[in-house]
Amino acid sequence: MTKPLLEVVDLKCEFHERGRTVHALNGVSLSIDPGEIVGLVGESGCGKSTLARCIVRLLTPTSGRLIFAGQDYTVWPQMRLRGLRKDMQIVFQDPLTALNPSWTARQLIMEPLHLHHVSDPESRLAKVLDEVELPASILSRRPSQLSGGQRQRVAIARAIGIRPRFVVLDEPTASIDMSLRTSLLRLLRKLQQEDGLTYLIISHDLSTVRHICDRLFVMYLGKVVEEGRMHSIFTSPTHVYTRVLLSSIPVPNPSVRRERVPIQGEPPSPTVIPSGCPFRPRCHLAELECEQPQPLYEVGPEHFAACRLARSVTLAHADAPA
């Protein structure tokens with residue numbers, strides 16, 4: 001049995017602001033196998049980017065465990081984390097703000113190659129440019145002189161040049177127009193197939209992750225509320241919040257109308273977490289039992305959901321004749 005490359009175990013992350021505690025992550029657990037492309041979706045403010053920064057240890061979690069290739073690096077000091085950086089990289093949502101504006105593309109891509117003592121960095125630079133399909137003519141340009149798609153490819157080249165095993169991509173298509181998204185997703189899949197990369201792709205756009213990811217995690221208010229194979233979640237969504245997200249995906253055919261799953265009110269403040277299911281205050285199907293914590297029920301092969309509706313599915317499976 002393949003051991004996970006990354007394990008996140010009951011991760012919590014809190015911030016203290018003006019006398020209040022912001023509960024950004026409230027017990028997130030997930031695992032990612034080598035060579036997988038895993039998606040993480042949820043609306044803005046649900047904790048996706050906080051989780052990404054905790055995973056690469058740009059933030060230190062309040063509690064829980066982070067395990068990479070069998071090593072628990074949750075509380076490693078920064079000096080020891082340097083060795084981990086070669087195997088774990090992150091591509092941020094907005095490359096225009098993430099990339100040093102005064103550096104050229106050459107400097108941006110070459111910096112990690114020098115920091116990690118890559119042999120023959122010039123050859124590696126030429127190879128990675130070819131991999132991300134960028135011409136050498138962009139090397140003398142600064143981020144502001146590049147298009148959105150070119151900036152994102154420079155950010156990806158910077159991340160993969162040192163040949164990491166795992167890459168976190170935070171909203172990789174958010175800063176580029178629709179015509180370039182398909183090209184970028186095709187590039188990510190090609191790199192994964194050629195170099196065996198493992199990805200965690202964070203997005204609020206389900207239509208984006210659907211076409212590239214193997215598995216999907218759905219987050220709401222700092223918790224994973226549903227997880228499973230991509231096809232299983234899209235064909236048999238169980239948690240009401242997942243159904244809300246899927247029903248909001250635009251349909252290309254204007255003659256086809258998708259039934260929208262209703263949602264009530266606004267997301268609650270992360271300073272006051274509701275009891276039980278975090279989605280309960282906004283759920284039109286909430287009942288008294290939803291005030292109690294809901295575990296992840298198995299609703300199908302590798303498919304779990306933290307919802308009372310999932311419990312009904314689990315019981316139905318258990319009662320079915322063998």
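**Entry 1: the second largest pocket**

I began with the class make-up of the lining of the second largest pocket, and I counted nine nonpolar residues, four polar and one charged; here Ala, Val, Leu, Ile, Met, Phe, Trp, Tyr, Cys and Pro count as nonpolar, Asp, Glu, Lys and Arg as charged, and the others, Gly among them, as polar. I note at once that this is a predicted model, in which local features need pLDDT of at least 70 and side-chain atom pairs count only at pLDDT 80 or more, while totals for chains, interfaces and linings use all residues. Residues are numbered from 1 along each chain as its sequence is written, and side-chain values use heavy atoms, with hydrogens and water left out.

The space in the second largest pocket comes to about 240 Å³. Of the 14 residues in its lining, I find Lys223, Val224, Gln294, Pro295 and Ala306 closest to the centre. For the search I used a 1 Å grid over the protein atoms alone, on which a cavity is a set of points where a 1.4 Å probe fits but cannot get out, a pocket is an open set with protein on both sides within 12 Å along at least five of seven lines, and lining residues have an atom within 4 Å of a point. Grid points are joined across faces, edges and corners, and a volume is the space filled by probe spheres set on the points.

Strand 2 (20–32) and strand 10 (223–229) each give at least two residues to the lining of this second largest pocket; helices (H or I, at least four residues) and strands (E, at least two) are DSSP runs, numbered from the N terminus.

**Entry 2: the largest pocket**

I then turned to the largest pocket, for which I noted a volume of about 610 Å³. It is lined by 21 residues, and those closest to its centre are Arg85, Gln89, Ile90, Phe92 and Arg158. The elements that supply two or more lining residues are helix 2 (78–85), strand 6 (88–91), helix 3 (95–98), helix 4 (105–115) and helix 6 (148–160). By class I have 14 nonpolar, three polar and four charged residues in the lining of the largest pocket.

**Entry 3: cavities**

Searching the whole structure, I found two cavities of 30 Å³ or more. The largest cavity has a volume of about 90 Å³, and among its 13 lining residues Val240, Cys277, Cys283, Cys290 and Cys307 lie nearest its centre. Its lining divides into nine nonpolar, two polar and two charged residues.

The second largest cavity holds about 30 Å³, and I list Val91, Ile156, Ile160, Val167, Leu169, Leu188, Leu191 and Tyr199 as its lining. Helix 6, strand 7 (166–170) and helix 7 (178–195) each give two or more of these residues. I count eight nonpolar residues in the lining of the second largest cavity, with no polar and no charged ones.

I traced eight strands in an open sheet of order 6-7-8-3-9-10-12-11, with mixed pairing, where two strands pair if DSSP finds at least two bridges between them. Strand 6 and strand 11 (297–300) stand at the edges with a single partner strand each, so one side of each is left without a neighbour in the sheet. Neighbouring strands here are turned by 20 degrees against each other on average, direction ignored; axes are lines fitted to C-alpha atoms, for helices over the stretch in contact, and angles run from 0 to 180 degrees between N-to-C directions.

Within this sheet I followed strand 9 (residues 215–220), which pairs with strand 10 in the antiparallel sense over six bridges, and I marked Glu226 in strand 10 as the bridge partner of Val218. Helix 6 lies across strand 6 and strand 7, and runs at about 170 degrees to strand 6.

I recorded another open sheet, of four strands in the order 2-1-4-5 with antiparallel pairing. Strand 2 and strand 5 (71–72) are its edges, each with a single partner strand, so one side of each is left without a neighbour in the sheet. Helix 1 (residues 48–55) packs on this sheet, touching strand 1, strand 2 and strand 4, and its direction makes about 115 degrees with that of strand 1; contact means heavy atoms within 4.5 Å.

Strand 1 (residues 6–17) and strand 4 (residues 63–68) are joined by five bridges and run antiparallel; I placed Val8 opposite Leu66 in strand 4, and Lys12 has Ser63 as its bridge partner there.
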